[in-house]
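These are my notebook entries on one structure, written down in the order in which I looked things up.

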There are 2 protein chains.
Amino acid sequence: MADATTKFTLPESDIPTHWYNVQADIEWPLDPALHPGTHQPAGPEDFAPLFPMALIGQEVSKERWIEIPDEVRDIYRLWRPTPLFRAHRLEKALGTPARIFYKYEGGSPAGSHKPNTAVAQVYYNKQEGTKRITTETGAGQWGSALAFATNQMGIKAKVYMVSASYKQKPYRKSMIETWGAEVVPSPSPDTKAGRDILAADPDSPGSLGIAISEAVEDAVMRDDTKYALGSVLNHVLMHQTIIGQEAIKQMEMADAYPDMVIGCVGGGSNFAGIAFPFVPDRLKGKKIRFIAVEPEASPSLTRGKFAYDFGDTAGMTPLMKMHTLGHTFVPNPIHAGGLRYHGMAPLVSLLVAHGLIEPRAYHQKTVFDAAVQFARTEGIIPAPEPSHAIRAAIDEALLCKESGEAKTILFHLCGHGNFDMSAYEQYFSGEMVDYAYPEEAIARAMESVPVF
Amino acid sequence: MADATTKFTLPESDIPTHWYNVQADIEWPLDPALHPGTHQPAGPEDFAPLFPMALIGQEVSKERWIEIPDEVRDIYRLWRPTPLFRAHRLEKALGTPARIFYKYEGGSPAGSHKPNTAVAQVYYNKQEGTKRITTETGAGQWGSALAFATNQMGIKAKVYMVSASYKQKPYRKSMIETWGAEVVPSPSPDTKAGRDILAADPDSPGSLGIAISEAVEDAVMRDDTKYALGSVLNHVLMHQTIIGQEAIKQMEMADAYPDMVIGCVGGGSNFAGIAFPFVPDRLKGKKIRFIAVEPEASPSLTRGKFAYDFGDTAGMTPLMKMHTLGHTFVPNPIHAGGLRYHGMAPLVSLLVAHGLIEPRAYHQKTVFDAAVQFARTEGIIPAPEPSHAIRAAIDEALLCKESGEAKTILFHLCGHGNFDMSAYEQYFSGEMVDYAYPEEAIARAMESVPVF
């Protein structure tokens, strides 16, 4: 049947045995992270209060393949390999000659791709004696993934959750508690960074940048504690490459090769996860496009500056060369909370700067149009974040309809929308708004990008 | 590793090709459904306003195997075959010599086993020209499954959702709308049954019995409309037997055979789905126990009467011989909304009456103790309904610890808890209560069981 469900499933033995490190293959040098105080290249000792040495080593490694420990693969088996689907029903609804495939990571216990790196990060921490891990979370996807992973490995966790989300989205908070982690609204009285913000504004709704400052401070102040980040950093992106490796095998099963790979970008990790394993082919001359889709409400790749900036609001993290809107930028409260970040992964930024990745931005109403069209054809209700990728995939498929070209589109459906139904509710009620960002507002935030 | 994740995955070719009909193998006669007015055995013509003829045929069929249409298996492929896991981490935490396995149906788009029958029911309706299907839903699992299935097959649906749930659980409602179905709070002004209740009590919180009355009335009044039920009936239970058929193959892969099969029961369909395919072995003399676990707040099997009663509150449905608490029984608002039903599937009731199935009841706090222990060992956060099965599985494993027996336990994890996090929140806050049902209250409700 033309509109039959086609699922490409790999046997468990095809769970990747190695992470793929794109740094081994790109010729352009990645500018080093800089110490926040001295502005000199940061060495391993600068990162040691935050991360275990194994992860610091992965961060700067040029090795092409890094072996995945058995204990990590063992936990991956709970939900991996993940399925790849051909979107026959969506194609038919669009009337496009394009072939649309999607890789689906929503089957993990936390409902997204985030556990792929959470499990890895917790493993190396445990190996090096870490007893407790701190992190931040916005909408809660990352915080719940870290809670799941620390629980599986028997380590304590404390999650600083952006206060506005903590109040508006109690269910992710309950999920974090169910897995035994501590979760507090940020800004909190538990850190100096939090107390300073609260002193100025007792009702502060918080932000991802503030929560990062709190989690970093907590980790630095305690010997038994380290910090974990859910995206942006090289090692985090690398852990996600198991997604693309599986997708390559599954596309082969489908006897197909993508003309384009599409993913949403906030910090950049889910996009890198599906796209980076295809980069070597592109570098060898294969015609394959990489499309990174961000929200108009947080347009770091399409309207930001490629410059050194802090990862957090308080300026406690090392400086990274990346596309940034300025570390004081506070995105409007779009539903795709996982994409509300002022910066971008340095590796994604570098490949954008060199024209390998094409950035694109959408407003949220057109993104939800695509989300609902997808749910009503393919059956899975997508999270707001990957719905950005769906929007782009549909638009590319409609271009094919105009041109008559039968292109092959692969996009990443990195999570389900079970915890985002209030967003759908708002969409159906007609109350969803598209936030406009005038040039002045972007320019003002950009003034916080340090000059040196 | 002793605590490694072990997942038993079947290839897509092992999605069952037939549903298993336990009526072919049991020797005890199933008492016929009776017409609600005449109390005479109901014939196909009595059911025709509600169901398509193919499903009426399945309801009374004695054929052992009924072929699954290709179009139905095609949609099953979106999430089937479902995985079976060995609960190594839970076993280790309990320190039990027992081996615990669980079959997991939470990977479907609606998050439970319900789409297995929703897709089948919608298919036969479409074949016979039905344009629109009505149904009721309590917590929303069944309503969302039917919305998913009607959307996939291109049929309209209207869901009467118990008013209290409609207000308290807006996310299941949004899910139903996302899949394009209409959903109204019940009692509604759209039916006579609803208007009568509203006239007496404009603020009625509704009940499953009332919502069934509304959905049935709506279907009977319109030529283009039929009705769908998510559990209780023979054909619904039969559609779920693909679960047990897959589990048998997966247990063989694990080189194991269950000493007991455990599932929760509300209407009985998820329990029947995993247990019935094992019944032939038991009838041939194999020592295998079947344990059906219900809430103390709705104890039809453990404290009800095995008698003819109505399926709905208004007395519009045919009478069925089943364990019932009386069709006017209104269970307290426990979080396992899917188990809040006054009756029980006639087939499950019959096998309980003949001692083949052992019923058991638990209060909800001990059920949530088990749910949290499971989430913190196995990683998946379970829905409140299957957490009843988890409680029983843990108790049986602890008995093995005392006796030193290495029994093999198989239980059914029929859905995830993503839409039930408010229940976990209440549990952690210490505000969860166990509702007591004094004998008088049960006796009073039982007076509504008709005598003739």
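**Entry 1: one asparagine.** I began with B:Asn21, which, leaving aside its neighbours within four places in sequence, is in contact with B:Ser61, B:Lys62, B:Glu63, B:Arg64 and B:Met238 (contact means heavy atoms within 4.5 Å). The model is a predicted one, in which local features need pLDDT of at least 70 and side-chain atom pairs count only at pLDDT 80 or more, while totals for chains, interfaces and linings use all residues. I also noted that residues are numbered from 1 along each chain as its sequence is written, that chains are lettered from A and ligands numbered from 1 in the order in which they are written, and that side-chain values use heavy atoms, with hydrogens and water left out.

Where does B:Asn21 sit in chain B? I found B:Asn21 in the loop between strand S2 (18–20) and helix H1 (44–47) of chain B, where helices (H or I, at least four residues) and strands (E, at least two) are DSSP runs numbered from the N terminus. B:Asn21 is buried, with a relative accessible area of 3% (buried means under 20% relative accessible area, exposed over 50%, partly exposed in between, with a 1.4 Å probe and protein chains only). I also looked up B:Phe276, which is 255 residues away along the chain, and its C-alpha atom is separated from that of B:Asn21 by 8.2 Å.

**Entry 2: two domains of chain A.** Chain A is divided into domain 1 (2–15 + 74–111 + 235–446) and domain 2 (44–68 + 112–233), with bounds that come from an automatic or database domain assignment. The C-alpha centres of these two domains of chain A lie 23 Å apart, and 45 residues of domain 1 are in contact with 41 residues of domain 2. The area buried between them is about 3500 Å², of which carbon and sulfur atoms give 65% (buried area is the accessible area, with a 1.4 Å probe, that two parts lose on being put together, summed over both). In domain 1 of chain A, A:Ala110, A:His235 and A:Phe419 lose the most area to domain 2, together 20% of what that side buries.

**Entry 3: the two chains.** How is chain B laid on chain A? I noted a turn of 180° and a shift of 0.0 Å along the axis, with an RMSD of 0.0 Å, the copies being superposed by least squares on the C-alpha atoms of residues with pLDDT of at least 70 in both. That is the relation of a two-fold axis. The same surface serves both copies, since 100% of the contact residues of chain B recur in chain A.
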